[in-house]
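We will go from stop to stop, selecting a few residues each time.

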Amino acid sequence: MFAKMVLPLLGGGPSVWAVALLFFQGALLVGYAYAHLLTRYGPPRWSGYVHLALSAAAFVALPIAVPEGWSDPPTRDPYLWQLALLASAIGLPFVAVSANAPLLQAWFARTGHKDAADPYFLYAASNFGSLLALLGYPLVFEPLLGLKALALVWTGGFATLIFALAACFFVMRSLAATQPAAAAAPSGPAPGWRARATWVGLAFVPSALLTAFTTHVATDVASAPLIWVIPLVLYLASFVVVFRERALVPRSVLLTLHAAAVILALLQLAQTEKETWFYAAGFGVAAFITVTLVAHRTLYEQRPDASRLTEFYLWMSAGGVLGGIFAALIAPRIFSEVFEYPLLLALSFACRPGALELNRESRRALLGLLAMIAAAAAVIHWGPSLASTYQLDFRGWGSTAAIAALFALMALVVWRHPPHLLFVAMSIYLAVVMLPSGVRRGNAERSYFGVYRVTQSDDGQFNVLQHGTTLHGAQRIRDQRGNPVASTTPATYYHPHSPMASAIRLMGSLAASERFDPKFGVIGLGTGALACHSASGETWRFFEIDPLVVAIANSRKFTYLVNCQPDAHIIIGDARLTFAREPDESYDLVIVDAFSSDAIPVHLLTAEALGTYAAKVKPMGAVVLHISNRYLDLEQVLASTLPVIGGLHAVTVEDATPEQSYVATGSTIVIYAKSMHAIDRFRIIPGARELPAPHLAPWTDDASDVLGPFLSKIRKRG
C-alpha cells in the first residue's frame, strides 16, 4: 500500500518494488532481532508488556502516509532516499508487526501445549495470513477502497492486533504458571557458526531470487500488471507448504523436480530461438517454485529446538536482508543486465543436502570434478569459435544453447553427486552470461529505472532502443543497400504520418496561421525522435526521469537530438513533480510519452496528473497521451477518468498504418483539451474517433485499479 503512495515521487520502475522489498526485509530483521533480545534476555513474564508498549508507540505513527518534506528524490539512483522514506513513514509499525511471529511462537513454547516443543508450524500459519493479505490487496481491498480509506482500515486493524496480542500474552502467563518447566532456558550447546551460516545461506538464495525473478520477468518477459504479485505469492506459499513436520512433497521428488526445472530454465535463457512468453514464464515459475521449496524445506530441517527459536529466525532474516541487498542494490551496479537471475538459479543447487560437503565425496569423484572444471572452461572458451569455424548453427539454436545442453547432459551423469550438480549449474550460468544468450544481448545499460538495450535490427539498417521487452524507438543507420546514412526521419511510433506526428504538425500549422510561436512539452525522452518534428520558431522542453535515457539519446547510437535540437532543454526528474512547477497555461501542446517497459506509469494517468497537464496548456492548447499497451485498456481508463476532472473534451486517434516495422509502428493516442472548439481541430487527423462509453472505475492517486483494465483488454482481444 505505501509503496503505491510513493509512485508519484519515484515512478514505476522495477527498482521501486525491489527497494521496497529490501526495506521490508530489513525491517523484518530489526523486528526479529528485537524479539530475540527480548526473549533471550528479558524476563518472560514481562516480555508482553514491553512489546505492547512498543506496539502502542507504533500506533502513534499511524495512519500510514507520506511524511511532510519528502517531495524531491535525487535525480540519480534514489535507492537510499527511498529506504529512508520508507523507514521514516512505516518503520516503527512494521518492526512491531514483524516481531509478532517469533514472539508468539516463543510464548506458545512456554504454554505446555502438546505441540509447544515444536512451534515452527505457526510460522507457516503466519505466512498463510500474509498470503491472504497479499492476494486480497489488489483483488479486493484496492478496487473497493482508496489508499486513504485503506490507511484508516489498517490503523483500525493495528489497534485490534494490540488487543489480540495482550490477550495472547495473558493467556501465556496463566498457562506458563501451571507449567513451570515449559520452555526453560536454552538447553544443549549453542548453534555453531557453521549452523548459523547455513541458516543465512538457505535464506539468502530464495530471498535474492524473489527480487531477481521479479526484475527478470518485468524486464525480459512481460511487464504485465500485478506481475510482482506472482513471485511473492509463490515465495510465501513455499513456507506454508514446507514448514511442517511432514512435507507435502517427498524429498526425493522435490529434489528431482528442482534439478529438472532449474536446468530447463537455464537452458531457456541460453537461447533466443524460443522466446515466447509461455516458455520464459513457464520455466521461470517452475524453477522459482522448486528453488523456494528446496531452500525453505532444507531450512526447516536445520531448525534448532524451540529454546533457540528466536535466534534461528534472526539469522534467517539476516540471510533475507543480505539477499535483498544483493539483488536490489549490488546487482544493478555490477551487472548491466539481469545476470543475478541465472546466477541465483545456479546457486540454488547449493541449497540441496550435501552440495557443499566435498569431504563426503570419494577421491575418484573429486578427480572427476576437477576434470569437469577443465572441460567446461575449454568448451566455453573454444566452443563458439569452433562452431563458427565449422559453420555449425545447431539448427538455429546457436552455440550457446548447444554448450548449455552439453552441460545439462553432464548433470545426468553426476546426478547422485550434489557438489557436481552445483558445478554443472554454475557452468551453464557462465555460458549464459559470457556468451550471446537470452540475457546477454546488445549494448545494455542499467539504472534505477530499468535495463535499456541498444541493438541493431536483423538487417543492420536500424539502431533499436528497448526498455525491458518493449520497443522504445529506432533510427535508420543504413539504407536498403547497406550504405551508411545520417537519417533524421523519426521511426517506429513517431514516423511522419503517426498520430503524434500529425498532432504536432497540426499544432504547428495552427500556430503559423494564427501567427504565434508554439511551445511544446514532452514527458518522456526515449531516443529523442520527437525532436525532429520541431520547426523553426518553436520552443520545446523535454521532461525525463532517468539520466541514463538522456545519455542514450545524446550518444552516437541515436542522433535525433544532436541533429534536430542540439541545445534541447531537458529537465530531469519525475514529471509529476517537475512538470507541476511549470507556469499554468504556458504550453500549446503537451505530449505524455513516458513508459515503464510496456506501460505508462500509473501515477502519470490519474485524475490528478491529467488535471496537472490540463492546467499547463493554453485555453486552445491540447494534451496528447500515448497509450499503446499490450496488457491494459488505457483508452477505457481515460474514458472513465477524464470526466472526473470536468470541463475536458477528448478524442482517440488510432494509427491506420498497415506497416509494422522499425520504419513505422502502429500506435494509439488520446488527445484532450479544455474546450470543444479546441479538440474539434484535432478530429481531422486520420484515425480519429470518439472515446468509448466508460465502464471502469476512474484512476486517482487514491485508487487505481489495474485489474479492470487488464480484463477489459482481454475482452477486447476476443
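Start by selecting residues 121–144, helix α7, and colour its buried positions: Tyr 123, Ala 124, Asn 127, Leu 131, Leu 134, Gly 136, Tyr 137, Pro 138 and Glu 142. Buried here means under 20% relative accessible area, exposed means over 50%, and partly exposed lies in between, with a 1.4 Å probe and protein chains only. Helices (H or I, at least four residues) and strands (E, at least two) are DSSP runs, numbered from the N terminus.

Before moving on, note that this is a predicted model, where local features need pLDDT of at least 70 and side-chain atom pairs count only at pLDDT 80 or more, while totals for chains, interfaces and linings use all residues. Residues are numbered from 1 along each chain as its sequence is written, and side-chain values use heavy atoms, with hydrogens and water left out.

Stay on α7 and look along its axis. Its 24 residues reach 33 Å from first C-alpha to last, close to the 34 Å expected at 1.5 Å a residue; the expected span is 1.5 Å times one less than the number of residues. Where does α7 bend? Select Tyr 137: the bend there is about 60°, and Pro 138 follows within four residues. That angle lies between axes fitted to the seven residues ending there and the seven starting there.

Next, show the aromatic rings. Rings of Phe, Tyr and Trp (its six-membered ring) pair if their centres lie within 6.5 Å; planes under 30 degrees apart count as stacked, over 60 as edge-to-face and the rest as tilted. The whole structure holds 33 such pairs. Select Tyr 32 and Tyr 313, a tilted pair at 5.9 Å centre to centre with 55° between the planes. Tyr 32 lies in helix α3 (residues 14–41) and Tyr 313 in helix α13 (residues 309–334), 281 residues apart. Both tyrosines are buried. For a stacked example, pick Phe 213 and Phe 288, 5.1 Å centre to centre and 15° between the planes. This pair connects helix α9 (residues 193–221) with helix α12 (residues 277–301). Phe 213 is buried at 3% relative accessible area, and Phe 288 at 0%. Then widen the selection to one aromatic cluster, whose members include Tyr 32, Tyr 123, Trp 199 and Tyr 313.

Now jump to the cysteines. The structure has 1 disulfide, a pair of cysteine sulfur atoms within 2.5 Å. Cys 532 and Cys 564 form it, with 2.0 Å from S to S. The S-S torsion is about 95°, so this disulfide is right-handed. Cys 532 sits in the loop between β5 (519–523) and β6 (539–544), and Cys 564 in helix α20 (residues 560–564). Buried or partly exposed, what is Cys 564? At 27% relative accessibility, Cys 564 is partly exposed, whereas Cys 532 is buried at 16%.

For the last stop, select residues 668–673, strand β11, where 6 of 6 residues are buried. Thr 668, Val 670 and Tyr 672 point one way, and Ile 669, Ile 671 and Ala 673 the other. β11 pairs antiparallel with β9 (residues 617–626) over 5 bridges and with β10 (residues 649–654) over 6 bridges; pairing requires at least two DSSP bridges between the strands.
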